[in-house]
Amino acid sequence: DALWEAHEQLASALEELPEEDRAAAQETSRLYFFVAGHGIMPGEGEAALLDATARRPQYQPNVELQSYVARIGRNGAFAEVCAFADCCRSADLLTTAGQLFITPPLRGGGPVTTLLGLATSAGDLAFEEIKDSEDANQRRGFFSKVLLQGLQGNAADAHGLVTTSSLRTYATPIVADLTKDKPMPQKAELYSAVDMVFGPHR
C-alpha cells in the first residue's frame, strides 16, 4: 500500500531525530496525502478509494478514507493529518469498507487533529474537466484544480490566511458552479473539528 509506505517513511524520519528535537518536531508535524481515482461510498463509511484491481460485486480491495485517517490519527506519529480525495461517492451498500493494519507507534503521541476533504457529497459522482486538446493522463478533477488554487492563496481570508473554513468557503461554490451542467453538481465537503491554517503562516 503506497499510502502506508509513505506514512511509515515519514514516521521513521521523525523517530530518527535526536531525542531533544523529536518532541518539538512531532508537535508541529503535519501529514498530507491526496488521492484520486475511482471511488464509492461503501455500506459502512463515507468514501472508499478503489484499488486498480477492484472489481464488482464487492469492489475489493479498497481503502475507506474516513477510518484510514482516524486510524492514522490514533497512531499518534503526527500532530495533524490532512487527507484530500477526488473520487466518486456512489452508494454501494454491498461493499465492505476496506481496513488497513496500522503499525503501533514506538511511543505515545500527543493530541492529533485530522481533516478529511472530499470532492463530492454522499452518494454523488465526482467529475473531471475534459478537453480534446489535453492528454488524458494530464486531466484533473474539478475539485483537484480548485483545491490547489485555494491552497496556493486564492482561498485566503481577510487576514491573508488559508484556513479550513476559508478553503471550504472558497471551494464549495466554485466546484458547484463548474459542475452545474453535469448530471449532478458536486458539493465539496471538508470535515475538521479545528480550523487549521495552511501555508507559511501555519
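Modeller: Let's start with salt bridges: I count one when a side-chain nitrogen of Lys or Arg is within 4 Å of a carboxyl oxygen of Asp or Glu. There are five of them in this structure. One is between E80 and R30, whose closest N and O atoms are 2.6 Å apart. E80 sits in strand β5 and R30 in strand β1, so this pair ties together parts 50 residues apart in sequence. (Strands are DSSP runs of E, at least two residues, numbered from the N terminus.)

Before going on, keep in mind that this is a predicted model: local features need pLDDT of at least 70, side-chain atom pairs count only at pLDDT 80 or more, and totals for chains, interfaces and linings use all residues. Numbering starts from 1 along each chain as its sequence is written, and side-chain values use heavy atoms, with hydrogens and water left out.

β1 and β5 turn up again at the largest pocket, along with β2: β1 (30–37), β2 (39–42) and β5 (80–87) are the elements that each give two or more residues to its lining. The pocket holds about 380 Å³ of space, counted as what is filled by probe spheres set on grid points joined across faces, edges and corners. A pocket here is an open set of points on a 1 Å grid over the protein atoms alone, where a 1.4 Å probe fits, with protein on both sides within 12 Å along at least five of seven lines; lining residues have an atom within 4 Å of a point. There are 17 lining residues, and G37, H38, D86, A126 and E128 are the closest to the pocket's centre. By class, the lining splits into seven nonpolar, six polar and four charged residues. (Ala, Val, Leu, Ile, Met, Phe, Trp, Tyr, Cys and Pro are nonpolar, Asp, Glu, Lys and Arg charged, and the others, Gly among them, polar.)

Now for β3 and β4, where the backbone is worth a look. Most residues other than glycine have a negative phi, and most peptide bonds are trans. Y59 isn't a glycine, yet it has a positive phi of about 45 degrees, and it lies in the loop between β3 and β4. P57 is in the loop between β3 (48–55) and β4 (60–64), and the bond joining R56 to P57 is cis, with omega about 10 degrees. Another cis peptide bond runs from Q60 to P61, with omega near 0 degrees. P61 itself is placed in strand β4.

Key
Helix = DSSP H or I, 4+ residues; strand = E, 2+ residues; numbered from the N terminus.
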